[in-house]
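Subject: Structure handover

Hello,

Here is the structure I promised to pass on. Please open it first, then read my notes below.

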Amino acid sequence: MPTGPALLTDRYELTMVAAALADGTADRDCVFEVFARRLPHGRRYGVLAGTGRLMEALPHFRFTDEDLAALREQGLTDSRLLDWLAGFRFSGDVDGYAEGELFFPGSPVLTVRAPFAEGVLLETLVLSVLNHDSAIASAAARMVTAACERPCIEMGSRRTHEEAAVAAARAAHLVGFASTSNLEAGRRYGVPTTGTSAHAFTLLHDDEESAFRAQVATLGVGTTLLVDTFDVDQGIRTAVEVAGPELGAIRLDSGDLPTLAAHARELLDELGATRTRIIVTSDLDEYAIAGLMAAPVDGYGVGTALVTGSGAPTMGMVYKLVERDGVPVAKRSLGKPSVGGRKSAVRRHDASGTATAEVVTSEAVLPRDGDRQLVVELVRGGELCTPATPREALAAARAHHQRAREAMPAEAFALSRGDCAIDTLTA
């Protein structure tokens, strides 16, 4: 397992550095910007996530002796390059949107100013973190909307890479998920963890009653009992018989969930378990959650759809050079053009505080009443501007997301396919 992020990169970043060192362009002052040309089809906004994880990684972006040995083994033997990498410390500046902010096509969510060699070296790490985490957060935010304030539980660890699972749990919590099943996310980021049992625990025992009694004896009557291993009706009756009317919750993991939930509520009430909650799982996404809006459901467990971005596993962010020695530069590639010059961005609001537009420009923006500056300082001279623990950074991002979300027009949160919630104005 790698001990640091330095080799979590693409080879061509290093070959560009080698060539730039050879021809004397490595030290040119450059500005790189991260943005998405478009949002996933039909999405009305994106949520920036992963900035905190990137700030965690940046101070550790160093090439150790072991890293350099690995590069030699892969044929990177240029002595000038290896000597430069051995002494590498990022010395540039980073600005960007606050983590948790909503973004739109062209939003300059991260800006890196540094000598070319330093800036280009960060490209792969920046994009891998921001593309993944923002995709998860953007999907999870739609699920939170669909849940209408009922709690959502992240439980997708078994459906993705082990480190992606931790990042996904963090991103989901950032936008409002209540808890996760992932213990490392709990340790690293303070995300509340939860979990009780799977069908295997029921099948381990001679009968359902024995399994429920064992679980209640260990976890108490406030636990959640999985009642659909065999027959749901009998499972509910057995659960209430074992735990009594104070049973915390039952979980439904299969079948026609709206119908089952309605029937389960009636049966629980009939048995006197009027305060027992109903939690549903089983391949939920934002649309399935919305379809359960009228059902007597008290919480949702979401796995596969969440950790795969609910059909959009990346945000399509790119990392482009937009300025060199103070001169704007841009691509002219067909279908993939960029806009030269370092950008600033503000969000416009009407008199009621509702967002109306995003203004992205490489020129000075004349401030108006209700404008909110979106770009904040993150790193200066290689040092973090606001050092924070991983837990503090996540808490701040979660709070910022809630504030940004509250300023969006109501149509932003429709699940149907549509245009971006607000227009991006460029100058």
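Start with Glu-149. Glu-149 is exposed, because its relative accessible area is 81% (exposed means over 50% relative accessible area, buried under 20%, partly exposed in between, with a 1.4 Å probe and protein chains only). Glu-149 sits in the loop between helix 6 and strand 6 (152-154). Helices (H or I, at least four residues) and strands (E, at least two) are DSSP runs, numbered from the N terminus. The phi of Glu-149 is near 75°, a positive value in a residue other than glycine. Most residues other than glycine have a negative phi.

Ser-310 also has a positive phi in a residue other than glycine, near 50°. Ser-310 lies in the loop between helix 14 (304-307) and strand 12 (317-324). Is Ser-310 buried or exposed? Ser-310 is buried, with a relative accessible area of 18%.

A word on the basis of all this. This is a predicted model, with residues numbered from 1 along each chain as its sequence is written. Local features need pLDDT of at least 70, side-chain atom pairs count only at pLDDT 80 or more, totals for chains, interfaces and linings use all residues, and side-chain values use heavy atoms, with hydrogens and water left out.

Now the overall picture. The protein has 427 residues, and 51% of them count as buried. Its secondary structure comes to 15 helices and 19 strands. The C-alpha atoms fill a box of roughly 80 × 55 × 40 Å along the principal axes. Take the contacts (heavy atoms within 4.5 Å) with a separation of 6 or more: residues 24 or more positions apart account for 74% of them.

Next, the domains. The assignment gives domain 1 (11-138 + 312-342 + 372-426) and domain 2 (196-297); such bounds come from an automatic or database domain assignment. The C-alpha centres of domain 1 and domain 2 lie 44 Å apart.

Then the cores. A nonpolar core is a set of buried Ala, Val, Leu, Ile, Met, Phe, Trp, Tyr and Cys residues joined through side-chain atoms within 4.5 Å. The largest one has 65 residues. Which of its members touch the most others? They are Val-227, Leu-252, Val-280, Tyr-300 and Met-408. Helix 6 (residues 123-147) supplies the largest share of this core, seven residues. Domain 1 and domain 2 each give this core at least three residues. Apart from it lies another core, of 53 residues, including Leu-14, Phe-103, Val-120 and Leu-122.

Leu-252 deserves a look. Not counting residues up to four places away in sequence, Leu-252 touches several residues, among them Val-227, Val-232, Leu-260, Ile-278 and Val-280.

Two helix pairs follow. The axes of helix 1 (residues 11-23) and helix 4 (residues 79-86) come within 9 Å and cross at roughly 105°. Axes are lines fitted to C-alpha atoms, for helices over the stretch in contact, and angles run from 0 to 180 degrees between N-to-C directions. Helix 1 is therefore roughly perpendicular to helix 4. (Under 35 degrees is roughly parallel, over 145 roughly antiparallel, 65 to 115 roughly perpendicular, and the rest oblique.) Leu-14, Val-17, Ala-18, Leu-21 and Ala-22 in helix 1 meet Arg-80, Leu-81, Trp-84 and Leu-85 in helix 4. By class, this contact has eight nonpolar, no polar and one charged residues. (Ala, Val, Leu, Ile, Met, Phe, Trp, Tyr, Cys and Pro count as nonpolar, Asp, Glu, Lys and Arg as charged, and the others, Gly among them, as polar.)

Helix 7 (residues 162-174) packs with helix 15 (residues 390-406) at about 40°, their axes 8 Å apart. These two helices are therefore oblique to each other. Arg-170, His-173 and Leu-174 in helix 7 meet Ala-393, Leu-394, Ala-397, Arg-398 and His-401 in helix 15. That contact divides into four nonpolar, two polar and two charged residues.

Last, two leucines. Leu-267 is in helix 12 (residues 257-270) and counts as buried at 4% relative accessibility. Leu-267 and Ile-236 are 31 residues apart in sequence, yet 7.7 Å apart in space, C-alpha to C-alpha. Leu-321 is in strand 12 and counts as partly exposed at 28% relative accessibility.

Best wishes
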